Amino acid sequence: MVPTRRGVVNASLFSVALTIPGWPDVVGRMERVRQETAPRIGMPDVDMVIAMTEQLSELDDRFGGRHARPMAAAFLVNTVVPYLRAQAPDAVRKAMMSAASDLCYLTGYMAVDEGLEGLGQRYYLKALELAGASEDHLTYCTTLRGMSVQAVELGHSATSMRLADAAASASPQAGPRMRAFLAGQQAHAAAQSGDVSRAMTHLREAERAMDKAESREKAFGSYDPAALYYHISHVRHELGDLPGAISAMEESDRLMYAVYRRSHAKKRATLAEFQMQHGHLEAACVTWNKVLDELPLVQSGRVDRRVTRMFGMIKPHLGNRYARALYDRARTETPAALHA
């Protein structure tokens, strides 16, 4: 599938009727992959797959899914699948399936970032299968949560809530950082569903868990206060608190590590939309200009869609000099396909 810069998601490729296997239904039950004549693999091969997945994740964070996904897909097909078919002791085979599960989740996440919703789901479902076969609870729950994020971004509130709850219930022994990671998404999904009580309950749970997690250790590259403030912002926005949503998104952007260029662009675009909804046109233009600063190095369908929305939101205000300057700059620096 050849990636293109698209401003509109084909949401019909997102299935809201997916049958999501529960943890007891997948744990240890993957049909044994037929062993072909192949070199025997060991833990160094597993370590290599893990290291490559980490590198691909870093590229995704910095530049967006459109850059990194083709490399991830090629690595999965050309290297990891043969490893899954190779001869190996049971412990090594199990570890390799766990590593493959994490790579499938990441590849699905990058596909969703491109706007390839159906492809992302297929990777996610394979990640669930491999996670169950390898008894990898962490990747199983992370993948269900990723599917919930995909659903909430497409407006499928009930599906997002079901997936977020499934992720939380499948991880009863989660540590505080994982608990915050899961509860934050539950809060967002509940808020979008209009369940104020559940949204606030989950948000308080996420805040308490994050306090515990931060008191133990700082964790670069995992769920952190910047991510929590992102969820707080969306919950407040869904509940009609625009000033609170703006304040929380500004704090999320301030706390986020600079290397996460794609996430900065997405958050700032969301912040600008909130500012516009609150009637702060000139502040929104300043924020959108920061998005354009990042855009040359970001290849992300999610960010592309935000740019298209930007055009639609500022067109009625071109009599304002800040809006006109932003509009003219954006038309010069972005692909014509994104111009609403």
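Reader: How many aromatic pairs does the count come to?

Author: The count comes to five aromatic pairs, where rings of Phe, Tyr and Trp (its six-membered ring) pair if their centres lie within 6.5 Å; planes under 30 degrees apart are stacked, over 60 edge-to-face and the rest tilted. One of them joins Tyr105 and Tyr124, stacked at 5.8 Å centre to centre with 25° between the planes. The model is a predicted one, in which local features need pLDDT of at least 70 and side-chain atom pairs count only at pLDDT 80 or more, while totals for chains, interfaces and linings use all residues. Residues are numbered from 1 along each chain as its sequence is written, and side-chain values use heavy atoms, leaving out hydrogens and water.

Reader: Which parts does the pair of Tyr105 and Tyr124 tie together?

Author: Tyr105 belongs to helix H4 (residues 90–114) and Tyr124 to helix H5 (residues 117–133), so the pair ties together parts 19 residues apart in sequence. Helices here are DSSP runs (H or I, at least four residues), as are strands (E, at least two), numbered from the N terminus.

Reader: Is Tyr124 buried or exposed?

Author: Tyr124 is buried, with a relative accessible area of 1%; buried means under 20%, exposed over 50% and partly exposed in between (1.4 Å probe, protein chains only). Tyr105 also counts as buried, at 15% relative accessibility.

Reader: And what kind of pair do Phe181 and Tyr223 form?

Author: That pair is edge-to-face, with 5.7 Å centre to centre and 75° between the planes. Phe181 is in helix H8 (residues 176–192), and Tyr223 is in the loop between helix H9 (196–216) and helix H10 (225–238), so parts 42 residues apart in sequence are tied together. Both Phe181 and Tyr223 are buried.

Reader: What lies over the face of Phe181?

Author: Arg145 does, at 3.8 Å from the ring centre. The criterion places NZ of Lys or CZ of Arg within 6 Å of the ring centre and within 35 degrees of the ring normal. Arg302 likewise lies over the face of Tyr109, at 5.1 Å from the ring centre. Tyr109 is also part of a cluster that ring pairs build with Tyr105 and Tyr124.

Reader: Back to H8. How many of its residues are buried?

Author: H8 is mostly covered, with 17 of its 17 residues buried. After H8 comes Gly194, with a positive phi near 85°.

Reader: And the whole protein: how many helices and strands?

Author: The protein has 15 helices and zero strands. Buried residues account for 53% of its 340 residues.

Reader: Changing topic, how many salt bridges does a search of the whole structure find?

Author: The search finds 21 salt bridges, each a side-chain nitrogen of Lys or Arg within 4 Å of a carboxyl oxygen of Asp or Glu. In one of these, the closest N and O atoms of Arg262 and Asp60 are 2.9 Å apart. This pair links distant parts of the chain, with Arg262 in helix H12 (residues 261–277) and Asp60 in helix H2, 202 residues apart. Both Arg262 and Asp60 are buried.

Reader: Where do Arg324 and Asp328 lie?

Author: Both are in helix H15 (residues 321–333), four residues apart, about one turn of the helix. Arg324 is partly exposed, with a relative accessible area of 36%.

Reader: Which residues do salt bridges that share partners join into one network?

Author: The network contains Asp60, Asp61, Asp113, Glu153, Arg262, Lys266 and Arg302.
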